[in-house]
Amino acid sequence: MADEGDGQDLRDTVKRLEATVAALETRLASLEARGAPRHVAAPSAAPVTPPVAAPEQRDLEAHVGTYWLSRLGIVALIIGIAYLITYHFGELGVLARVGAGYLLSAGLGAFGLWLARRHPLFGRIVFGGGLALAYFVTYALHFIPAVRVIDSEVLALVLLAGFVVAIVTIAHRMQSETVAGIALFLGLHTGMLSDITAFTLLSTTMLAAGALFFLVRNRWVIVPLSSLVAVYSTHVVWAVRTGHMAPGAPEDDRLLLSLGFLALYFLLFSVALLVRPRDLPVRASLAFTLLNWVGLTSLGAYEVSQEQDSHLFGFLLAVALAHGAGAVVSRLQRAPAALTHAYLALTAVTLALAMPARYDDVALVAAWTVTGLVAGLAARGVESPVLRGVGVLILYVALGACEWETPGRLTLLTGLVVAFVLVERGGTVRVAGLPEPKARTLFTAICATGAGLSLVALVGARMPDGLVTLGWVIAAFLLFGVGFAVRERWYRLAALAVLGLALGRLVLVDVAKLPPDQRVLTFILLGVMLLLVSYTYTRLRDRRG
């Protein structure tokens, strides 16, 4: 819809420029007729380039007044008429209900077509509102009690399906994203005026499928993207109501109906996205994937936790598997690599979110550590820097959750040190806006920092209270060992940082507070370790020399 508004603005600007050029040509002709002197450039002179007019900037006030107010106005008008039909058409006879509803929609549509002759964009907005109103009338003929004239649910669904096909056909033949967007967006919101049953599920699914036709066939983005937002936002309204899903039905049936909504929408949008993923802009594909995941995960988790909290882990595990399957299909379809990486990253994030629903304390930290490690190692095989980044992030979450007094903390911290090092080793790293070497350096620094913090916490947990500084020195010594073993300077730099903190604590705190025996032990071991590290650096320097 925004593209049509911009196109109309461009056409108006071109018309104004044509009128200006015509006026200038007329003025020039009149001057030449009066014998006005003309300056002829010398043959050797360079051609004079006429000044290029600066592009006209969009007037914010005019854009809001023409683009947004028209859309907000048609939305408010259709909702008001829908409420009029819902609350007052029950007083009319059967034929009067049907005739009055369709007469209103036909009149609005005809008025839109008349307006489109002089103001195409504005007229299409009004015409789309007429189509949406006709859809609501068809929907109300079975589902709104005050207007019901059709008792057969099958017949009502057939009529709705036919009307959705009509909307899609009309918008496709007009090649108007505005008509499609207005009609389908308003149609999707009619469900908010009533309770939810399986009929509502099927009717809304048909509208979403109509929007996705334009994604697959015309590669329009705005209409299906706004439909996706409308679908999940409407579900939010339903979910927070009292008796929100199928009032009067058992809780299990309401939960299954709610999850049926979410599963169907997720499947529809995912299939439409993955049919021809290479034809869509990468940003649009990522927006669809992320919004689809947010809608399914957040609303589904809310519904499940409200009804059966014990099933939350299973639900999130199913969501993770669905996104893993999406990554496989994306790769088979040769989609842009960013889309495959997004599916993989969302799989890992969903698994991490699922762990608190099943585990706690030591088991939770261990589960997060395993999840982060597996994600980081799997990223090597699929060459996904995004998945590696998510794996490191999960490892940091596990490190933060590993409390000081947690039983089994030493084993957990040891596993975290190993996990950070393994995830950091090998593979390419890419960050938007950074060349690969700098991105690799940044990633290594982050992993080395995580390994250093885990090692400091590990050694510190084994030391008595008075020998904390000595524990830091030992941790720094071990980090030096890791850095020399894997030949990575960032581990050694992290070790130098820990060593600096240990020396500062030693001078500012321990010298004044430690008992003589601990002070002696700390200084002797510190001196030995510093000499060993310095000797190692000396040998390396001599070998290079």
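Is Glu-424 buried or exposed in this structure? Hold that thought for a second while I set things up. What we have here is a predicted model, where local features need pLDDT of at least 70 and side-chain atom pairs count only at pLDDT 80 or more, while totals for chains, interfaces and linings use all residues. Residues are numbered from 1 along each chain as its sequence is written, and side-chain values use heavy atoms, with hydrogens and water left out.

Okay, back to Glu-424. With a relative accessibility of 0%, Glu-424 counts as buried, because buried means under 20% relative accessible area, exposed means over 50%, and partly exposed is in between, using a 1.4 Å probe and protein chains only.

Glu-424 also has a partner. It forms a salt bridge with Arg-425, and the closest N and O atoms are 2.7 Å apart. By salt bridge I mean a side-chain nitrogen of Lys or Arg within 4 Å of a carboxyl oxygen of Asp or Glu. Arg-425 is partly exposed, at 23% relative accessibility. Arg-425 also forms a salt bridge with Glu-488, this time with the closest N and O atoms 3.6 Å apart. That pair links distant parts of the chain: Glu-488 is in the loop between H17 and helix H18 (489-513), Arg-425 is in the loop between helix H15 (409-424) and helix H16 (436-462), and the two are 63 residues apart. When I say helix, I mean a DSSP run of H or I with at least four residues, numbered from the N terminus (strands are runs of E, at least two). Glu-488 counts as buried, at 15% relative accessibility.

How many salt bridges does the count come to? Three. One of them joins Arg-276 and Asp-279, whose closest N and O atoms are 2.8 Å apart. Arg-276 is partly exposed, with a relative accessible area of 34%, and Asp-279 is partly exposed too, with 41%.

On to the rings. A pair of aromatic rings is described by the distance of the centres and the angle of the planes. The rule goes like this: rings of Phe, Tyr and Trp (its six-membered ring) pair if their centres lie within 6.5 Å, and planes under 30 degrees apart count as stacked, over 60 as edge-to-face, and the rest as tilted. By this rule there are six aromatic pairs. Among them is the stacked pair of Phe-111 and Trp-114, at 6.0 Å centre to centre and 20° between the planes. Both sit in helix H3 (residues 94-116), three residues apart, which is about one turn of the helix. Phe-111 is partly exposed at 41% relative accessible area, whereas Trp-114 counts as exposed at 52%.

Compare that with Phe-313 and Tyr-359, an edge-to-face pair at 6.4 Å centre to centre and 80° between the planes. Phe-313 lies in helix H11 (residues 312-332) and Tyr-359 in the loop between helix H12 (337-354) and helix H13 (361-382), so this pair ties together parts that are 46 residues apart in sequence. Phe-313 counts as buried at 13%, and Tyr-359 as partly exposed at 33%. Ring pairs also link Tyr-135, Phe-136 and Tyr-139 into a cluster.

Now a look at the inside. Ser-285, in helix H10 (residues 282-307), counts as buried at 2% relative accessibility. Which residues does Ser-285 contact, leaving aside neighbours within four places in sequence? They are Leu-273, Pro-277, Leu-280 and Leu-339, where contact means heavy atoms within 4.5 Å. Arg-388, in helix H14 (residues 385-401), also counts as buried, at 1% relative accessibility.

Last, how far do we trust all this? pLDDT is the predictor's confidence in each residue, from 0 to 100. The mean pLDDT of the protein is 78, and 77% of its residues reach 70 or more. Over residues 35-49, though, the pLDDT is below 50, and beyond near neighbours in sequence that stretch has two contacts in the model. Residues 52-56 also stay under 50, with two contacts beyond four places in sequence. Where pLDDT is low, the predicted coordinates should not be read in detail.
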